[in-house]
Amino acid sequence: MLQVVDRIIESGIVAVIRAETPERAIEICRACKEGGIVAIEVTFSVPHAAEVIYQLDKEFGKEILLGAGTVLDPYTAKIAIEAGARYIIAPNLSEETALLCNKHRVPYIPGVLTPTEIVRALELGVPLMKLFPASAVGPSYIKAIHGPLPQAKLIPTGGVELDNVKEWIKAGAVAVGVGGGLTKGTREQIVETARKFVQLIAEARKEKET
């Protein structure tokens, strides 16, 4: 489980895949991988999401870090894990889902926003948290949270774009989740956008160290 967490942090970005068809979801995933993104989240808003996860797992195996998103309950989490998802992401915090993921030794990344939710997630042993919707608070919020809760490993999602991703990383985000700002357009456009995100995150981390 810790190996998956470390790879997500190392990658710095999770591509959030939402699409109207399974075929489009697979196309976006392939483009993100070509652009250098390792961690890819197939949301359960994609039709036949479990089948998409299964197919991508067969195609790429350990070449990508495949997860399931928009997982609201333990029932869906179990379906995702059985399909091949190596981590579970949600917009909400579900204690039942956290317990199921712990039992299967699969990282659970719940959606949190308030200090109360963050502390409860820590009590449940959650290794990473999705700060959602990140656009509602901005990068300075992470700095404020890390005052009393420096151990909270936050992945802002919702509103992360090319023009602000460096701010999020410099503010203390361990990674970012990016959906519409990455996955729109043609395959070639997605590949190029993915490469830009990877480059900007690397630059932000280097600048933060100096």
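**Reading backbone and burial in a predicted model**

Mentor: Leaving out neighbours up to four places away in sequence, Ser11 contacts Val38, Ala39 and Arg205. Keep in mind that this is a predicted model.

Trainee: Where is Ser11 found, and is Ser11 buried or exposed?

Mentor: Buried means under 20% relative accessible area. Ser11 is at 18%, so it counts as buried. The residue is found in helix H1, residues 2–11.

Trainee: What about Ser94: which residues does Ser94 touch, beyond those up to four places away in sequence?

Mentor: Ser94 touches Leu72, Pro74 and Tyr108. Ser94 has a relative accessible area of 8%, so it is buried too. It lies in a loop, between strand S4 (88–89) and helix H5 (95–103).

Trainee: What is phi of Thr70 near?

Mentor: Near 55 degrees, a positive value, and Thr70 is not glycine. Thr70 sits in the loop between strand S3 (65–69) and helix H4 (74–83). At 22% relative accessibility, Thr70 is partly exposed.

Trainee: And Arg105: what is its phi near, and is Arg105 buried or exposed?

Mentor: Phi of Arg105 is near 55 degrees, again positive in a residue other than glycine. The relative accessible area of Arg105 is 57%, so Arg105 is exposed. Its place is the loop between H5 and strand S5 (108–109).

Trainee: Is the peptide bond from Phe132 to Pro133 cis or trans?

Mentor: Cis, with omega near -10 degrees. Pro133 belongs to the loop between strand S7 (129–131) and helix H7 (140–146).

Notes
Residues numbered from 1 in each chain as written. Predicted model: local features only at pLDDT ≥ 70, side-chain atom pairs only at ≥ 80, totals over all residues. Heavy atoms only, no water. Helix = DSSP H or I, 4+ residues; strand = E, 2+ residues; numbered from the N terminus. Buried < 20%, exposed > 50% of the residue type's maximum accessible area, 1.4 Å probe, protein only. Contact = heavy atoms within 4.5 Å.
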